[in-house]
Amino acid sequence: MRTISVSTARKTFLAAQGFSDPRPSGVPSRQHLKRVLSRVQLLQLDSVNVAVRAHYMPVFSRLGAYDPALLDEAAWAHSSRRPRLLVETWAHEASLLPIEDWPLIRSGAKRDGWWRHYGSLIEKSPGLVDEILSVVKELGPIGAGGIERAVAADAGRRGPGSWWERSEVKRVCEYLFGIGQLTTGTRRSFERLYDLTERVVPPEILSRSVSAEEGARGLIARSARALGVATETDLRDYYRLGPAPARQAVAELVESGELEPLEVRGWKQVAYRHASARTPRAVTGRALLCPFDPLIWERARTERLFGFHYRIEIYVPEPKRVYGYYVFPFLLDGSLVARVDLKSDRAAGVLRVQGAFAEEGADVARVLPELAAELKHMAEWLGLSGVTVGSRGDLAGPLAKLVR
């Protein structure tokens, strides 16, 4: 088993994630978006909208300023001319993933998540499932509130014995989404509008039968392509697979030659390198990374590869926060060199840097102009008129001067 350095593993990971690809010189196109998706494999969704929705940011981090409508169309619009590229489901967390990967996710390789606890509700009220599916079939795409109103109206017409609480309707919708009977037809101001999966996923994909073992192999292979070099724990975390199917899939992919076992100096676990992974001599360029970017979402791996201790502090009481509410690490030439607490202030028309902090040992003279330029680029992409910097952090003072 050969041994590689952490530096080699890090450059391989950055290349796998698309950070060794140059940003487009012109306006990013659907082909550029496809290239990003082929690198990251999925985009995590999150309701937090302090700076920008989580699924938009990883594309910006890799392509620079692009039209978010490009991603909206790929995820939630469909026409014969430009078919849907992505579908919503539970993958890492709630995620957008390539529509052709639907059979892998629904193969049984992944265990049901938190929604399985609603199974008792389904058993108690089986008629509610039929009622919801009937409403969605007739009225979809439709939000949970619209479904609740339609179900209540039907219950009123039918009289006693057919009434369900609004909260039960919402839970059953979440359950049906979790097991794949419903998915997101489209979104309206980020509200999920449910539709029947058969009206979203093409029949040739929906009808494809995949065993749990084949599904696990396919998902682990995609994890490995996205990660470049990774431990078995890293590989299974990408799609949140269980230990047993992940280990079996890794063993089978090693046997087929798709994964190569190796050692990374300082790592306790064996690592695996995907056969297609490449290691550039150097990684150059810059990017701001949202907390849900796949480069950094696994915090222990981030620390192992970059020596960067990172925690999201949204749920930490304000007096106990170290860096801020919604902090973006700053990637420069292959290293995480700073972090900024960002907020889009739409009323004032500015991107607010509420705190700016350099990492220990960072070349501040080089970091500052690059960070200032990327913040201005992000503000322009978001349609904001400029950047303002608060007083928190050792970079705040000089950064404020540069962005004026």
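How many salt bridges are counted between domain 1 and domain 3? The count is one salt bridge, and the close-up views below, taken from a predicted model, begin with the domains that it joins.

**View 1. Division of the protein into domains.** The protein is divided into domain 1, which takes in residues 2-107 together with 210-274, domain 2, which covers 114-204, and domain 3, which covers 311-403. Between the C-alpha centres of domain 1 and domain 3 there is a separation of 26 Å, and the contact of these two domains draws on 16 residues from domain 1 and 14 residues from domain 3.

**View 2. The salt bridge of R23 and E374.** R23 and E374 form a salt bridge in which the closest N and O atoms are 2.9 Å apart. For the pair of domain 1 and domain 3, the count of such bridges is one.

**View 3. The open sheet of β1, β8, β9 and β7.** Four strands, in the order β1-β8-β9-β7, form an open sheet in which the pairing is mixed. The edge strands, each pairing on one side only, are β1 (residues 3-4) and β7 (residues 229-231). Strand β1 runs parallel to β8 (residues 259-264), to which it is joined by two bridges, and I4 has V264 in β8 as its bridge partner.

**View 4. Helix α13 across the sheet strands.** Helix α13, made up of residues 243-256, lies across both β8 and β9, the latter spanning residues 271-274, and the helix runs at about 105° to β8.

**View 5. The hairpin of β5 and β6.** Strand β5 (residues 182-188) runs antiparallel to β6, and six bridges join the two strands; within this pairing, R187 stands opposite R192 in β6. The hairpin that β5 and β6 form has two residues between the strands, and S189 in the turn has a positive phi of about 50°. Strand β6, which spans residues 191-196, is mostly covered, with five of its six residues buried.

Terms used. Residues are numbered from 1 along each chain as its sequence is written. This is a predicted model: local features need pLDDT of at least 70, side-chain atom pairs count only at pLDDT 80 or more; totals for chains, interfaces and linings use all residues. Side-chain values use heavy atoms; hydrogens and water are left out. Two strands pair if DSSP finds at least two bridges between them. Contact means heavy atoms within 4.5 Å. Axes are lines fitted to C-alpha atoms, for helices over the stretch in contact, and angles run from 0 to 180 degrees between N-to-C directions. Buried means under 20% relative accessible area, exposed over 50%, partly exposed in between (1.4 Å probe, protein chains only). Domain bounds come from an automatic or database domain assignment. A salt bridge is a side-chain nitrogen of Lys or Arg within 4 Å of a carboxyl oxygen of Asp or Glu.
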